[in-house]
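Student: Could we go through this structure together, one piece after another? I would like to ask things as they come up.

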Amino acid sequence: MIRAASPEVRKPALRLPGGRIAAYAALILLALCTLFPLLFLFVNSFKDQGAIVAQPMALPKEWSFAYISSALTQIHFVQAALITAGITILSVGLIVFCSSLLSWMLVRNNSLSSRILLLVLTAAMLVPFQSLMYPLIHQFESFGLKNIPGLILMYGGFGLGMSVFLYHGFIRSVPLALEEAALIDGASIGSLFFRVVFPLVQPITVTVIILNALWIWNDYLLPFLVLGNAEYKTLTLELYYAKMLAGQFSNPWELIFPAVFGSIIPIVVLYLFLQKYFIKGVTEGAVK
Amino acid sequence: MSGYYKKWFWPLALPGLILFAAVVLVPFLIGLFYSFTSWRGTYFVGGSAWSSFVGLDNYTRIFQSRQFLHALLYTLEFTALAVISISAAGLLLALLLDYAGKRVALFRTVFFLPNLLGGLALGFIWQFIFQNVFNRMFGEGGLNIEFLTNMTQDSTKNLFALVIMVTWQMAGYMMIIFVAGLNNIPRDLYEAGSLDGANAWTKFRYITLPMLMPSITIVLFLTLASCLKLLDQNVALTNGSFNTSMLSLQILRTVRYTQPPDYGQAQAQAVVFFVLVAIIGLIQVYITKKKEVDA
Amino acid sequence: MGKRSTWSRWTAGAAGLALGAVLLSGCGSQEAKAPTNYDFYIFNGKSENAEAMEEVVDRYEAETGLTIKLFSLGTTDVAETLRSEMNSSAKPALFSTNIGGVMEWSESGAILDLNEASNPELKALAAEVPEPLRLSADGSQNYGIPYNIEGYGLIVDTRMAEQLFDLENPEPFLEDFKAATYDEFENLVNQVDAYIATGQADQVMLNGSPYPFAASKTELTSRLTGVFAEAGAEKWTYGDHMGNIALNAVFSSAVDARNASEEQVEQLKGPLEKLARTLDLYSAHAAGMEGPLERGPSYINSTTASYDVSVQLFATGKALFLKQGNWVYPNIEKLNADILPTLTFLPIKLPLQQEDIQVEGLTVEQFNRSVPQFVPSYYAINTKVTEREQELAQQFLVWLNTTEEGRRTIVEDFQFIPYNADDSVKFENTLNNSLIQYQLAGDTLSNPFNGSPAGGAYWGQEVFGSILQERYYNREGEWTPEDYRTIAEQSVQGWQDVMY
């Protein structure tokens, strides 16, 4: 009882052989393994092609930003990062809006049809993209939506399955009494949702935001199919075309490595600042 | 009360439902329909979808395609290995973090980091590491471990190269889920175990694992789904050379390897792929849910 | 009660939506609508001339007052992108295609047979396209105007040859090399290899004339580490382009290969077996960065045996021959512009017997002195756009290919060899000039590999190229005649497996 009250002296679930020192040693070793490819990427973002291929493990002779800045120019870094951010934010906003409302309604109208709807929505998580991509692109094309707004709508649709699954599980645990009380106080449907329900489900909203933002930010195939080599490209697409245009059959590492390095900086920085939410998002997502 | 929500059901649910129908449901149904036709991507043989209806032809041809069957097998092998590897690595990290207790925030940060990278970016890095760095480290003159050299130039070795890569990428994510699971285990269970003279292994086997079942369900579901559908990493490492195409890539290849492009066939392969993923996913959820109840 | 009605309403709605979409996309053969913000649309599937095309189109717009939409893309995804443009409401009026695309676009009816072109000048222009260069499905149609001519062979720096054999003038050597038999060529390779290793080798015979080696190595020849600059990681370099040499013994064109009979495919076994022997010779004498490059895992490693690396090996004088095409010129320019003026093509030879050759009138001698030349891409007219767009696109093609300015554009701006080049066409690009010489002399082979299953994408790379890369280049040790036979038989089998 006393222990539970003071988290400082929280006991481990399991004592491992070798004591804490061994645990730290193992953690340090594993952390180095995890960091290795990233350090490798960092170091090789400062080298020329010859040095990368001949001595990939060596430190650069000089820390020149020439390769990074030329790579960033080539992938139109600022423009692409803004476009990707815009697409990600709008898509995630759309997902949060639609899926929270839909889940709320599904929970509060617990009928056979809503249970079937929920099943269909969750089953969509299992649908491989390949099984619908050609008809999807074709159909959006015919509505004049083979562009960035269309892309955002597509993300909205694809993110829905998982998000409804998460919201639904969470809203079920929100007591109806709160909403009833608000209704008795004369709340409108809008204020009922935005003042009562939405704040209550905030933890799972963080999860929905983080999980969707992660894959949308990094997605390659959908922007490739929808935008292709259009003027305004996402970061991953820029990366892909930078490699392609440098020569379909060549590997210009002195361009690829700094470009990859540059392209991951925004999300890494964001992660370092909002780490708490990332961890919380993933954790909440796992608790059905 | 229920009447109130019922009144609002359609207005509030509709945006989501329309979006879902337009992006997932309708294209999926159209795709299903196209899988019974000789669709060529921009047209139907014979003019219209109805006149190019070929019944089950595309489906019978799937099971005569050695490439597709190989990709199917390769995907299943990879998935089995990768799911075990990712879950085990995630659990190990979680146990270590839990045991070390204090000052682990930095480690947690580091282990989660690879999840932020997209498959393409990560593929470019790992391709170079496997083909160049590993050959130096593990080749002659290095540690001399033949198996870890030229990993992308052999079907079996590449399976393990892919497993290494996705474990590196996803273990940190699973770690976080396991850490949360471990935190939910009441500590007095262990104390009771200690009193009964259980050692670390028996405690792990009879207390930790059963109590972690909910986390394990989630971890298995997430890893299964993403491993079965893996694409970017497959493209980046070998692009299918040395018989290393997994299903996602094989389906994309089908239209490239046929002239005129056989989109009907690719669509049928994708439907089979969906059925496979759905069956495996449902079986997994069913089994682990059952275990949770038993535990 | 309410439950059931909601549920059925929902299913009915979904089914209706799905059906609607199917009808819309499946049976919707909408009438072509005139575009609003441009006059016609060019889909240019070649990245090499992307920038130049932009300028040309600008000039053409200024001249005619038209507004043209131009889109250029030249990667492996070009086919998928074109399809998506063809599906869209803004369809290209002029697009790029080749023998692979013809099967698709003729079946869908989107490609105009230029024999029936509405523009009489274009009709005349198309009629003048030489028979072997025509784009057709079975030989009777004429679907496109060639972009240009490309070709490949063994690229050599003549200064290297001069210094190896102490030549005053390289011309007789080059002429004798062209006329030489395969056995003479094989001996040359072995002796050059010995000379690289020891600084001494026996004199070689080419076309009956003796060529002794220089008494001592020069600064240039001492750089050599092997005879051939190979790119084992790139299946297209041997799967497509070397494979194509063998196909030329049986098929005289891509259309021929496309319509191959089972028996003809069977006849490929002989030439492919001989080709395997040649590839053995090449890969056993490959140059590396510091010394000879042995077959084995590093021979196919994509960081050390890529296209760039092979070009680099050649450009820095580490290899005598580079088997590549005229498209490699700008890549060499970046690495070592000094050797550009002395580059030329030599033919790729195979140890064929006359009975291996099925193409009528082709002799072994002629085969071994020729280089493959072909049209990589054609301009085609889309029948699914409005009459006006089709007419404008035809006018543009006529302008590009018949006017003084248009023809200058092709040569000077695109740096393309025109399909109807004559003596007067001269380039700074020595490789282009070399190809024109072969063309004028009639020493050319064709591109049947483009007519093999799914073009190079399937047979060349996934069958023939994969067998070589994954089972032979990948391992150390000698190849046996048994191996040559296996390579040939399995490659033929791979072709027959997908015939229908």
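**Talking through the chains**

Tutor: Let us begin with a record: in an unreviewed entry, UniProt places the feature "transmembrane region" at residues 21-43, 77-104, 116-136, 148-171, 192-217 and 255-274 of chain A. Please keep in mind throughout that what you see is a predicted model.

Student: What does the chain look like over residues 21-43 of chain A?

Tutor: Over that span, residues 21-43 of chain A, the chain is 100% helix and 0% strand, and 30 Å lie between the end C-alpha atoms.

Student: And how much helix is there in residues 116-136 of chain A?

Tutor: Residues 116-136 of chain A are 57% helix and 0% strand, with the end C-alpha atoms 23 Å apart.

Student: Is Cys33(A) buried or exposed, and why?

Tutor: Cys33(A) counts as exposed, because it has 10 C-beta neighbours inside 10 Å, and a residue is called exposed if 12 or fewer are found there.

Student: How far is Cys33(A) from Leu119(A)?

Tutor: Their C-alpha atoms are separated by 41 Å, and along the chain Cys33(A) and Leu119(A) are 86 residues apart.

Student: Back to helix H2 of chain A: at what angle do its axis and that of helix H5 of chain B cross?

Tutor: The axes of H2 (residues 19-44) of chain A and H5 (residues 119-138) of chain B cross at roughly 95°, and they come within 10 Å. That makes H2(A) roughly perpendicular to H5(B), since angles of 65 to 115 degrees count as roughly perpendicular.

Student: Which residues make the contact?

Tutor: On the H2(A) side the contact is made by Pro37(A), Phe40(A) and Leu41(A), while H5(B) brings Ile125(B), Trp126(B) and Ile129(B). Sorted by class, the residues where H2(A) meets H5(B) are 6 nonpolar, no polar and no charged.

Student: Why do residues three or four places apart on a helix point the same way?

Tutor: An α-helix has 3.6 residues a turn, so residues three or four places apart point the same way.

Student: Now zoom out a bit, how many residues does each of chains A and B put into their contact?

Tutor: Chain B contributes 82 residues and chain A contributes 74 residues. On the side of chain B that touches chain A, the largest share, 20 residues, comes from helix H1 (residues 2-34) of chain B. That side of chain B divides into 61 nonpolar, 14 polar and 7 charged residues.

Student: What is the secondary structure of chain B?

Tutor: Chain B comes to 12 helices and 0 strands. Its C-alpha trace spans about 75 × 75 × 30 Å along the principal axes, and of its 295 residues, 54% count as buried. Among contacts in chain B with a separation of 6 or more, 71% are between residues 24 or more positions apart.

Student: What does UniProt list for residues 72-284 of chain B?

Tutor: The record, an unreviewed entry, gives "domain: ABC transmembrane type-1" for residues 72-284 of chain B. In the model, this span is 76% helix and 0% strand, and its end C-alpha atoms lie 18 Å apart.

Student: Which domains does the assignment give for chain A?

Tutor: The assignment for chain A gives domain 1 (15-64) and domain 2 (71-286), and 32 Å separate the centres of these two domains of chain A, taken over C-alpha atoms. Their contact takes 9 residues from domain 1 of chain A and 7 residues from domain 2 of chain A.

Student: And which domains are there in chain C?

Tutor: Chain C is assigned domain 1 (40-146 + 376-418) and domain 2 (151-374 + 431-497). The centres of domain 1 and domain 2 of chain C, again over C-alpha atoms, are 33 Å apart, and 9 residues of domain 1 of chain C are in contact with 13 residues of domain 2 of chain C.

Student: One last thing, why is helix H3 of chain C described as largely enclosed?

Tutor: Helix H3 (residues 78-87) of chain C has 7 of its 10 residues buried, so it is largely enclosed by the rest of the structure. The buried residues of H3(C) include Val78(C), Leu82(C) and Met86(C), and among the elements covering the buried residues of H3(C) are strand S1 (40-44), strand S3 (94-97) and helix H4 (99-108) of chain C.

Methods
Residues numbered from 1 in each chain as written. Chains lettered and ligands numbered in written order. Predicted model: local features only at pLDDT ≥ 70, side-chain atom pairs only at ≥ 80, totals over all residues. Axes fitted to C-alpha atoms, helices over the stretch in contact; angles between N-to-C directions. Helix = DSSP H or I, 4+ residues; strand = E, 2+ residues; numbered from the N terminus. Parallel < 35°, antiparallel > 145°, perpendicular 65-115°, else oblique. Contact = placed C-beta atoms within 7 Å. Nonpolar A, V, L, I, M, F, W, Y, C, P; charged D, E, K, R; others polar. Buried ≥ 20, exposed ≤ 12 C-beta atoms within 10 Å, placed from the backbone. Domains from an automatic or database assignment. UniProt positions renumbered as here; feature names shortened; annotations may be inferred.
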